[in-house]
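Visitor: I am new to this structure. Could you show me how to read a few of its features?

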Amino acid sequence: MKKFFILILASIFMETPLHAQKYSLQSPDGHIALTISNQEQLTYSVQLDGKTLIAPSPMGFQLKDEKEMKGNFIVGNDAKVKSGIEAWTPVVRNKHAECKVPYQELTLNLKEKDDQYRRMVVVFRVMNDGVAFRYTLYGISRLGNRQITKELTGYSLPESSILWIPDFAYENQGKSYKSSQEGIFVKTPVKSIKTDIHAGLPGLIKVDENNWMAITEANLDNYPAFYLGRSKEAKEGYQMLDTKLTPIWGEDENGVKARFDEAANSSWRVIMIGHNPGKFIESEIIRSLNPDCALKNTEWIKPGMAAWDHWWSGEVKMEQNVIKQYIDLAAKEKWPYMLIDWTWYGEFNNPKADITKVAPQLNMPEIIQYANSKNVDIWLWLRCEDANNNDQYKQAFPLYHKWGIKGVKIDFMDRDDQNMVNWYRRIIKATAENELMLDLHGAYKPDGIERTYPHMLTREGVMGGEYYKFSDKMTPEHNVTLAYTRLLAGQMDYTPGGFLNVTQKQFKQQSPTLVSNTRAAELAKFVVYESPFMCFCEHPDNVYGQVGEDFLQKVPTTWDNIKFLGGTPDTYIALAKKTGEQWYVGIINNSQQRTINLDLGFLPKGNYRLEFWKDGKKANSVATDCEHKKTKISSTKPLNVKLANAGGYVCVISRL
């Protein structure tokens, strides 16, 4: 990792009328301004090109058996703006082959003026695509744990703002924070958010047509995740959103959220900011706020596509010959992996479950040998309770490595409290020690940890393809909106690939599973959605000889560059991604057919070969109708694309 720092004293503006202290810093390109005010209440505010997007909003903490830490601090005399560039070469290329995020940073060392003289440090960072800040709290003279009951961070939004926030299905009718974080992102006016809600992240915010934000977090470690709620307090013209930390498991809403007895950091509070929400998809802001790679040897980390044996039928066929079918699929499509899902070790979610033993109907050495003979490697599924029970994972992971297993998928955590966050860290480190790549399901949103531990290849935390099996919630609108919401946090194991495509009117829940979008739209998911370990969901018999099978043999799962080409959360998403010398374009449309013209200005001037898979003439009524053709194009002319309802488009662009 390379970091470049310059102290810029002129960039900081401090005024001291009476007892107020104000500090200001700007993004390197000058468009975003952040102002911090240390008065009776510590506050921050954010502007974009002179327009206030976040009005003065509170900061600080409530702690059990302590008075609030919220303002009127003594500020250390070392408050200076530092200019730098966070630069790294990612081991796994999620979006870019090289990453550079310029920023300006201000660190405020704060101390109370009386009583216990408690310390708090806040680091503020302003980048060209957003702002972020992180707290550090310390031990006090009383020995033992300090206990956070509430984080006071607020977000004062213009009252005309509209949010896209997820409707997660929380345990106990929303009174708990326990959730698999799988839901539809619902378009909601900020004033309509209920005061008792805890809305998951990322939260996309439309201030007006030309000003957008997204709120999430980065580098979550020994601290609970946070949600948004609407405050009962509001300033004229603005609505305040509160931070709601996930309580420690067993505590209620007003209980303890985090315990610490020495210096402890919050996660970074991240606010993406810009004139177009599509540009947030390109951003590396979240990964930039995580430490560089912690692993000395990364040669064993190899992303790629996987055949997957769970989705197609609604019931897992945990049989030797079925597993070999999927190994054959991976081999034919030239994919490196096959994922064996639940019941491979027999009973699960049971105190008797043994993740080191194979179900009696399976012969694991034979499976692995058969797979390896076809240049395919194996991943294994685990239930989190089974892995954790009696610390079984500590014996199992070395055993899996000895068997030749390349990765594990761990499922059903469904929590993001402080203890669970720490459990994630233990599992991530334990898999790294045994050279096992990792996929987390029933998981909380990504926080950029894959920069530090690049074997963390993907995670769920999304209402993805499996919902076609048992729900009517999956819509083209949802698939489009995901790109502007959940995808902003990072890796997303949606598990695309359903080839039994039907129209929305034809859709019904059945086995084998139907998918209510066009074949071209399904192919586009492999380009639009980010997942270096991409699980392909379909049964081999529904793939062989079908239009689009050849595309699945080409499409990579890692990328050297990414460009947003067009769309909005309410219409469509069009992205271009580069690998080597080729560009892939993926477009997913909502329920309204449309024609769009794509500007190819991201290409160097010249002539190109275009291979594309697009909605056929009958795609509005026959969703499997997909045309595959090759032609030549010029980079100086727009690319005209007709999209069916619930349609899509993919292409590969190569230089002639």
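Guide: Start with burial: buried means under 20% relative accessible area, exposed means over 50%, and partly exposed lies in between. Keep in mind that this is a predicted model.

Visitor: Is Glu282 buried or exposed?

Guide: Glu282 has a relative accessible area of 15%, so it counts as buried. Glu282 sits in the loop between β22 (268-274) and α1 (285-288).

Visitor: Which residues does Glu282 touch?

Guide: Leave out residues up to four places away in sequence. Then Glu282 touches Lys95, His96, Ile562, Lys563 and Phe564.

Visitor: Where is Lys577 found?

Guide: Lys577 belongs to strand β31 (residues 572-579). Its relative accessible area is 3%, so Lys577 is buried.

Visitor: What is Lys577 in contact with?

Guide: Set aside its neighbours within four places in sequence. The contacts of Lys577 then include Val527, Val528, Tyr529 and Glu530. Trp559, Asn561 and Ile562 are also among them, as are Gln582, Trp583 and Tyr584. Now take Lys563, one of the residues that Glu282 touches. Lys563 and Lys577 are 14 residues apart along the chain, and their C-alpha atoms are separated by 6.4 Å.

Visitor: Next, helices. How is a packed pair described?

Guide: Two packed helices are described by the angle between their axes and the distance between the axes. Here, look at α2 (residues 320-332) and α3 (364-373). The axes of α2 and α3 come within 10 Å and cross at roughly 20 degrees. Angles under 35 degrees count as roughly parallel, so α2 is roughly parallel to α3. The crossing of α2 past α3 is right-handed.

Visitor: Which residues meet where α2 packs on α3?

Guide: From α2 come Gln320, Ile323, Lys324, Ile327 and Asp328. From α3 come Glu366, Ile367, Tyr370 and Ala371. Sorted by type, this contact has five nonpolar residues, one polar and three charged.

Visitor: How does the span of α2 compare with what its 13 residues should give?

Guide: The two agree. At 1.5 Å a residue, α2 should span 18 Å, and its end C-alpha atoms are 18 Å apart.

Visitor: Which residues of α2 are buried?

Guide: Gln320, Val322, Ile323, Tyr326, Ile327, Leu329 and Ala330 are. After α2 comes Lys334, with a positive phi near 65 degrees.

Visitor: Where else is phi positive without a glycine?

Guide: Asn219 is one case, with a phi of about 55 degrees. Asn219 lies in the loop between β17 (211-218) and β18 (226-230). Thr343 is another, with a phi of about 80 degrees. Its loop runs between β24 (337-340) and α3.

Visitor: Are Asn219 and Thr343 buried or partly exposed?

Guide: Asn219 has a relative accessible area of 12%, so it is buried. Thr343 has 22%, so it is partly exposed.

Visitor: Last, peptide bonds. Which bonds are cis?

Guide: Look at the omega angle. The bond joining Leu201 and Pro202 is cis, with omega about 0 degrees. Pro202 is in the loop between β15 (185-189) and β16 (203-208). The bond from Ser511 to Pro512 is also cis, with omega near 5 degrees. Pro512 lies in the loop between α8 (476-484) and α9 (519-528).

Conventions. Residues numbered from 1 in each chain as written. Predicted model: local features only at pLDDT ≥ 70, side-chain atom pairs only at ≥ 80, totals over all residues. Heavy atoms only, no water. Helix = DSSP H or I, 4+ residues; strand = E, 2+ residues; numbered from the N terminus. Buried < 20%, exposed > 50% of the residue type's maximum accessible area, 1.4 Å probe, protein only. Axes fitted to C-alpha atoms, helices over the stretch in contact; angles between N-to-C directions. Parallel < 35°, antiparallel > 145°, perpendicular 65-115°, else oblique. Left-handed = near helix turned anticlockwise from the far one by under 90°. Contact = heavy atoms within 4.5 Å. Nonpolar A, V, L, I, M, F, W, Y, C, P; charged D, E, K, R; others polar. Expected span 1.5 Å × (residues − 1).
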